[in-house]
Amino acid sequence: MDYECFCIYGFGVDYPTDWQVMIEPRIRRVKGTVTFRSAEGMEIGVSWGPLKEAKGRFSSADEHAKDTLDRIKKSRGINNFRILEHMSDRIDEHIAVFNHARADLAGGGFFGGGAGKQTEILSMHLHCDRSERYFVLYGRTTAERTYEYADIFNHMRNSFNCHTAELKKRMEY
Ligand SMILES: [Zn+2]
């Protein structure tokens, strides 16, 4: 898999070169969503927003992640939601919280899909005080494609740069 860097508003992330890049209209430095999509329909998105907003509700990126996952757990069409992997590592000086969850699809609801199928949900939450934004990298796939998808997700997660200083440093290499 070949990657190149998507860079906007002082953050950057690698994406597979042959994936489609969908940028929401009217994104701003402080808030937006960009979605990367493969020809088979696999999607990985990045959302960002004001850190002040996140800090007003959550004391940490971990709490933020828990809230996001709780919402998914309570969504219509989601059954038997369980977290398979939960870990924290560092991106620059921030804590990045990674979660891998699995759920059964009941059919219908936001997540759609046929009953009896499983869905895999990958996410990374990060609070960047340097750029005063939070970032969420997330994606969803079917159980059959988890390995392929997790590889791509992990590459993107590891390539993530959240503030300008770090990007400049990287470009000097
Ligand atoms: Zn940062």
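Which strands does helix 2 (residues 61–73) lie across? Let's take a tour, legend by legend. Everything here comes from a predicted model, in which local features need pLDDT of at least 70, side-chain atom pairs count only at pLDDT 80 or more, and totals for chains, interfaces and linings use all residues. Residues are numbered from 1 along each chain as its sequence is written.

**View A. Helices on the sheet.** Helix 2 lies across strand 6, strand 7, strand 8 (118–128) and strand 9 (133–142), and runs at about 150 degrees to strand 8. Helix 3 (residues 146–159) packs on the sheet too, touching strand 5 (43–50), strand 7, strand 8 and strand 9, and its direction makes about 165 degrees with that of strand 9. Helices (H or I, at least four residues) and strands (E, at least two) are DSSP runs, numbered from the N terminus. Contact means C-beta atoms, placed from the backbone, within 7 Å. Angles run from 0 to 180 degrees between N-to-C directions, with axes fitted as lines to C-alpha atoms, for helices over the stretch in contact.

View B. Seven strands line up in the order 3-4-5-9-8-7-6, with antiparallel pairing (strands pair if DSSP finds at least two bridges between them). Strand 3 (20–23) and strand 6 stand at the edges with a single partner strand each, so one side of each is left without a neighbour in the sheet.

**View C. The hairpin of strand 6 and strand 7.** These antiparallel strands are joined by 11 bridges, and H86 has N99 as its bridge partner in strand 7. Two residues lie between the strands, and D92 takes a positive phi near 50 degrees.

Technical notes
Contact = placed C-beta atoms within 7 Å.
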